[in-house]
Amino acid sequence: MPSPSSLARPLLPLWLLLLLLLLLPPPWPVWAQASAATAPAGTPGARDCPEACACASDGQANCSGRALPAVPAGLSWSVRALLLDRNRVRALPPGAFVGAGALLRLDLRENGLRWVHARAFWGLGALQQLDLSANQLEALAPGTFASLRALCKLSLADNRLARLEPATLGALPLLRALSLQDNELTALAPGLLAGLPALNTLRLRGNPWACGCALRPLCAWLRRHPRPAPEAETLLCVSPGLQTLRPLTAFSDTVFRSCVQPLAPRDLVVVYALGPVSFLASLATCLALGSVLTACRARRQRAAACRPRRRPPKPGRGGASPADPGSPAATAQV
């Protein structure tokens, strides 16, 4: 039979083993690091990355040249830059970039883009760079860029834009670079550049500027801001007229003296408000006068119908009527 001292001897190695297990680092962090190394970021199946794109650890989602017909699903707040250039995105519906509220850069070049909804960029309040160049845009709806208050760089170059309204850009207080080159613009609408106080680079070449009164706002802006448009000296108006092929910076304000000043927005509101009111007032006045005249005519007709008719006198001798006081018969009776 073993003695108690012999039973207590194996307990010492057990205590030493427990002490060693407490002092040594656990092996599972090493396994986790090894598994993370086997699945590097930037693969299509990475977490918070669209399936059709390759994502990097810095938040860039590269979807360039993948023949995508629409904006890929699965965008998240971890995406900081989205490269969608050289795809087949023909239209941008409302909320096309939902989920990517932290997006800072968006590249949509060379997509054949033809239509952009006015609420396509809603939710991208942090966006700083937007490239829509080399597409087929002919018009943009009012308010398209109104929600992009942090936008610093916007490129609409190499499209088919013939007109750009002030409501399309809205007030972009941080916009520093705007590219409108290689479009079909003949003039810029009044007030378009007024909402861009930080603008220091403006690209305008490659447009068929018209030599007319519509060019007055742009020429005035170029004279006040000579630096934002470095190629201003090479901008020529090409439409038929006496000033054809003349630099835009050469047009002084005296050239536009004969041009009629456009109405201010406040005046337009007054005109549009008073126009229908005056028309309705004149219509009501005409109806009232017509009713009064009709009532007067009807009253005269009733009065004439109630008045007794006089019988014509019978002709007497000598052609005088017996009732005629001036006749000989009436004198004889008296």
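Biologist: In what order do the eight strands of the open sheet come?
Modeller: The order is S1-S2-S3-S5-S7-S8-S9-S10, with mixed pairing. Strands here are DSSP runs of E with at least two residues, numbered from the N terminus. Two strands pair if DSSP finds at least two bridges between them. This is a predicted model: local features need pLDDT of at least 70, side-chain atom pairs count only at pLDDT 80 or more, and totals for chains, interfaces and linings use all residues. Residues are numbered from 1 along each chain as its sequence is written, and side-chain values use heavy atoms, leaving out hydrogens and water.

Biologist: Which are the edge strands?
Modeller: Strand S1 (54-55) and strand S10 (201-203). Each pairs on one side only.

Biologist: How many bridges join S3 to S5?
Modeller: Three. S3 covers residues 81-83, S5 covers residues 105-107, and the two run parallel. Leu 83 has Asp 107 in S5 as its bridge partner.

Biologist: New topic. Which residues touch the most other members in the largest nonpolar core?
Modeller: Leu 92, Phe 97 and Phe 121, out of 63 residues. Such a core is a set of buried Ala, Val, Leu, Ile, Met, Phe, Trp, Tyr and Cys residues joined through side-chain atoms within 4.5 Å. Buried means under 20% relative accessible area, exposed over 50%, partly exposed in between, with a 1.4 Å probe and protein chains only.

Biologist: How many aromatic pairs does a search of the whole structure find?
Modeller: Two. Rings of Phe, Tyr and Trp (its six-membered ring) pair if their centres lie within 6.5 Å; planes under 30 degrees apart count as stacked, over 60 as edge-to-face and the rest as tilted.

Biologist: Why is the pair of Phe 97 and Phe 121 called stacked?
Modeller: Their ring centres are 6.0 Å apart and their planes are at 10 degrees, so the pair is stacked. Phe 97 sits in the loop between strand S4 (91-92) and S5, and Phe 121 in the loop between strand S6 (115-116) and strand S7 (129-131). They are 24 residues apart.

Biologist: Are those two buried or exposed?
Modeller: Both Phe 97 and Phe 121 are buried. Phe 121 also stacks with Phe 145, at 6.0 Å centre to centre and 20 degrees between the planes. Phe 97, Phe 121 and Phe 145 form one aromatic cluster.

Biologist: And Ser 179, where does that lie?
Modeller: In strand S9, residues 177-179. Ser 179 is buried, with a relative accessible area of 12%.

Technical notes
Helices (H or I, at least four residues) and strands (E, at least two) are DSSP runs, numbered from the N terminus.
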